[in-house]
Amino acid sequence: MSRKLKVYSNDQVVASSEGEGRINVSLSGLEPATTYPKGKYKVAFEENCKESEKVDVPEFTTNSILITSISFVPESKTVQSGSHEQLEPNIAPSTATNKALSYVSNKPETVKVDENTGMISALETGEAVITATTKDGSNKTAQITITVE
């Protein structure tokens, strides 16, 4: 016997799904990494043209949107000794919840990088590879080679 699960917000049906046994329903338009209080949404079953009493949905938190990729375009850059520049990696998706990155230089004596901001300081002639790593738990990395003249 088929039943319909209805989800309400402010006495308006915002989602529904029909089936037998366990029924799942998805809500669209929710903000990522957001906690919704108990009672913000209510659910009820409809079966044989009769609807059950509406019941509060317990408090829940939506998932974060993780970074799926980071990149530097181009993957190399030449700068002058004594200069300072801000690295600007491409982050996808643009809707990622936490876009924070950490940065490290393989040769900090040549190119120093602020681990939180990605600001580089070219200290001496040579080459260094800067690695950017996501802080959102997705463990994505990207590298850029900096040549100092």
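Predicted model: local features only at pLDDT ≥ 70, side-chain atom pairs only at ≥ 80, totals over all residues.
View 1. Leaving aside residues up to four places away in sequence, serine 121 touches Ser83, His84, Thr110, Val111 and Lys112. The place of serine 121 in the chain is within strand E14, which covers residues 119–122. Its relative accessible area is 15%, and because buried means under 20%, serine 121 counts as buried.

**View 2. The side chains of serine 121 and histidine 84.** These two side chains are joined by a polar contact of 2.9 Å, and His84 is also listed among the residues that serine 121 touches.

**View 3. Strand E4 beside strand E1.** Strand E1, made of residues 3–9, runs antiparallel to strand E4, made of residues 42–47, and five bridges join the two. Within this pairing, lysine 4 stands opposite glutamate 46, which belongs to E4.

**View 4. Strand E4 beside strand E6.** E4 also pairs with strand E6, which consists of residues 55–56, and this pairing is antiparallel with two bridges. Here lysine 42 has aspartate 56, a residue of E6, as its bridge partner.

**View 5. The hairpin of strands E4 and E5.** Strand E5, residues 50–51, is joined to E4 by two bridges, and the two strands run antiparallel. Glutamate 46, which stands opposite lysine 4, has glutamate 51 in E5 as a bridge partner. The hairpin has two residues between its strands, and asparagine 48 in this hairpin takes a positive phi near 55°.

Methods. Residues numbered from 1 in each chain as written. Heavy atoms only, no water. Helix = DSSP H or I, 4+ residues; strand = E, 2+ residues; numbered from the N terminus. Buried < 20%, exposed > 50% of the residue type's maximum accessible area, 1.4 Å probe, protein only. Polar contact = N/O pair within 3.5 Å; in protein donor to acceptor, adjacent residues only side chain to side chain. Contact = heavy atoms within 4.5 Å. Pairing = 2+ DSSP bridges.
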